[in-house]
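User: I'd like to learn how to read a few features in a protein model. Could you walk me through them?

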Amino acid sequence: MPASPSTARALNDRLALRLLQQQGPLTAGQLKQLTGLSRPTVADLVDRLTAAGLITVVGESGEQRRGPNARLYGIVAGRAHLAALDVRTEGVLVLVSDLLGRVLAEASAPIGGDTGTGPAVEQAVAAVERAVKEGGADRLHTVGIGAPGLIDPATGDLRDSAGLPAWHRSLVAALQDRLPGAGVTVENETNLAALAEQREGAARDRDTFVLLWLGHGVGAAVVLDGVLRRGASGGTGEIGFLPVPGTSALPSATDCDGGFHSLAGAAAVVSLAAECGLPAPGTADGPVDGEADGPADGEAGGEGDGPGVVRAVRGTADEPEAARVVRGAVARGSAADERFLRALADRIAVGAASVVAVLDPGCVVLGGEVGRAGGAVLAGLVGERLRRMSPLATEVRASGLGGTAVLRGALLTARERAQDELFGAPER
């Protein structure tokens, strides 16, 4: 059935807004060319969107002929303000942006492990409020949160997880209380990192891939045919519990010791380094911050980073010891370092091969603090080992977003939710 006039107008408006979002300011003539709509229809939608406060004239195209077609129209970036949070066991990182994703302010709040739930939540919320004030925002429209742990697919709430601070689960309610009118969403940190890698990082050319998270713990995010897969209980990618050879026991329903976590988690990486005779971080022979190529945790990445990437919220001094060990081994490149990196790659490949055998993603991205510290060197070694273990062709890549992937993913999620609400949700 043909669309009603009101439905057709809504579809046309949404199409124009998406084009302005993706390509930046456009003239009415360019909108006509890109949408295929008639000149009167484009003029009508431009008037509607301007009156609604969604777009405005931001300049002229440089054409000699003056008039409406020479005006450049762009989305009103200040129509809504967003916040993104990267919630860690040791604190929270925050950024505030406009509707176009341009970062306006950043903040961080270190939170000690012995801090009570109430004070910890207060410190985290205060960091958000500080960033909002510094960014010049009157209020927030949407807040996106990335946190470790399982997200209940039915409620969207962070579920109880052993080993994670209690203040994590209390933070969402506190933000909703202190930021009236703001929509607050929470997502697993690894899933958000994968979304960011898909849009702006190492997997931009891939509709199907797996992000292998290597940090304090291990995890994975699965993107199939362009869609992030969460599973029936939200537990897709909990590969720390994956039974693997090379461990002394089997994992249980409440403890991942004996699973892949025991091979590739931070403690296991540090232990492996000691077995290989590597110096501890911070010793005379240990790594110096910034020795290894590529962005350090919390630094801006390369040209692939999106606009307004976090610049210096966390540096290598705050990395897990395992990441500093790996970074130092890559930088030095001694025989012992190479032996350690190859042994670590063998361990990582065991988990990666299991994922590849089930999903055949064609691409595995190494993220998390340890994955980023290893960079292209570790990715190359894992890829080499994986080719010997699996008949399925699989490219292994290093993260392309440095330490900003979770924040970028949280911001992208918040931005899409806000734009869906303001522009009209896309058809499913």
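User: Which side chain does the side chain of R408 make a polar contact with?

Analyst: For a polar contact, look for a pair of N or O atoms within 3.5 Å. In this predicted model, the side chain of R408 has such a contact with the side chain of E200, at 2.8 Å. R408 itself sits in helix α12, which covers residues 405–423.

User: Is R408 buried or exposed?

Analyst: Buried means under 20% relative accessible area. R408 has 2% relative accessibility, so R408 counts as buried.

User: Can we apply that idea to a strand? How many residues of strand β7 are buried?

Analyst: Six of the six residues of β7 (residues 142–147) are buried, so this strand is largely enclosed by the rest of the structure. Check the faces in turn: T142, G144 and G146 are buried on one side, and V143, I145 and A147 are buried on the other.

User: Which strands are joined to β7 by bridges?

Analyst: Five bridges link β7 with β4 (residues 81–88), running parallel, and there L82 is opposite T142. Six bridges link β7 with β8 (residues 183–188), again running parallel; here G144 is opposite T185.

User: And the open sheet of three strands: what is the strand order?

Analyst: The order is β1-β3-β2, with antiparallel pairing. An edge strand pairs on one side only, as do β1 (26–27) and β2 (55–60) here. Two bridges connect β1 with β3 (residues 71–75), and L26 has Y73 in β3 as its bridge partner.

Notes:
Residues numbered from 1 in each chain as written. Predicted model: local features only at pLDDT ≥ 70, side-chain atom pairs only at ≥ 80, totals over all residues. Heavy atoms only, no water. Pairing = 2+ DSSP bridges. Helix = DSSP H or I, 4+ residues; strand = E, 2+ residues; numbered from the N terminus. Buried < 20%, exposed > 50% of the residue type's maximum accessible area, 1.4 Å probe, protein only. Polar contact = N/O pair within 3.5 Å; in protein donor to acceptor, adjacent residues only side chain to side chain.
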